[in-house]
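The sequence and structure come first.

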Amino acid sequence: MSNIIEMKNIHKFYKNGDESLEALKGVSFALEQGEILAIMGSSGSGKSTLLHIVGAMDVADEGEIYLNGTKEEKYGVEPDATRIRYENIGFVFQDFNLIQDFTVEENVSLPLILTGEKTKEIRRRTKDILEMVGIGEKGRNPVTNLSGGQRQRVAIARALINNPKILLADEPTGNLDEQTAAGIIELLKRTAHEMGKCVIVVTHSKFLASEADEIIQIKDGKIEWQNI
Ligand code: ADP
Ligand code: MG
């Protein structure tokens, strides 16, 4: 099967006055539809930098990025970056990043409302995705009434509502207890294996990594080992 996303020899430098730090030193990987990749590594190794580049939230200084088999010359560069993110990518963060004053439904449907989708279609898709993530009965609740695990499910639903091919998650179970985390891991696996998404998860959880199809261990900006 063909790759949805391929990163080739990615380098990233952070410049701070005269100082330059090479946060990524030639990282490569590729993912097919329906695969889940875990990115591991100690703090400061470059995991979030890599995820931001995959997510077109930041630009690589060297290397090539292929999306659906096509080389994207301006992957992280506006205005292409916004289009690439909108059409292809959903994000989930450790601290959920939900809008506190909104209900579950409002948080999840927001990306569709912003695109001017019809109300009936927004309702249908929001209902479907909330059911898929296991909180079908919570739509009218304010997100502040929800547990941490439920909030993360809302965030995953919001990330999936635009039907992206790639779901990125930066330590999505970092703020959750072990049992709650296990439920989220199960959901991420279903997102990959049943919905056919590419799921890329930065994690410290050995359990999460053991459940992934592929694992990359990053050390000091380089892939130290991978199970591919
Ligand atoms: P991780 O997510 O694995 O903890 P990061 O990707 O956040 O690692 O960081 C990798 C390295 O790049 C670290 O040395 C960090 O201090 C540095 N770094 C990250 N973001 C920036 C930035 N915006 N400006 C300068 N240095 C940064
Ligand atoms: Mg990080």
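## Helix α3

In this predicted model, helix α3 spans residues 104-115, and its buried residues are Val 104, Asn 107, Val 108, Ser 109, Pro 111 and Leu 112. An α-helix has 3.6 residues a turn, so residues three or four places apart point the same way. The cover over the buried residues of α3 includes α4 (119-132) and α5 (148-160).

## Largest pocket

The largest pocket has a volume of about 440 Å³. It is lined by 16 residues, and those closest to its centre are Ile 89, Phe 91, Pro 111, Arg 158 and Asn 162. Pro 111 is also one of the buried residues of α3.

Two or more lining residues come from each of α2 (80-88), β6 (89-93), α3 and α5. By class, the lining of the largest pocket holds nine nonpolar, five polar and two charged residues.

## Second largest pocket

At least two lining residues come from α3 and at least two from α4. The largest share belongs to α4, with seven residues. The lining of the second largest pocket divides into three nonpolar, five polar and eight charged residues.

Helix α3 gives two or more residues to the lining of the largest pocket and at least two to that of the second largest pocket.

Terms used. Residues are numbered from 1 along each chain as its sequence is written. Chains are lettered from A and ligands numbered from 1 in the order in which they are written. This is a predicted model: local features need pLDDT of at least 70, side-chain atom pairs count only at pLDDT 80 or more; totals for chains, interfaces and linings use all residues. Side-chain values use heavy atoms; hydrogens and water are left out. Buried means under 20% relative accessible area, exposed over 50%, partly exposed in between (1.4 Å probe, protein chains only). Helices (H or I, at least four residues) and strands (E, at least two) are DSSP runs, numbered from the N terminus. Contact means heavy atoms within 4.5 Å. On a 1 Å grid over the protein atoms alone, a cavity is a set of points where a 1.4 Å probe fits but cannot get out, and a pocket is an open set with protein on both sides within 12 Å along at least five of seven lines; lining residues have an atom within 4 Å of a point. Grid points are joined across faces, edges and corners, and a volume is the space filled by probe spheres set on the points. Ala, Val, Leu, Ile, Met, Phe, Trp, Tyr, Cys and Pro count as nonpolar, Asp, Glu, Lys and Arg as charged, and the others, Gly among them, as polar.
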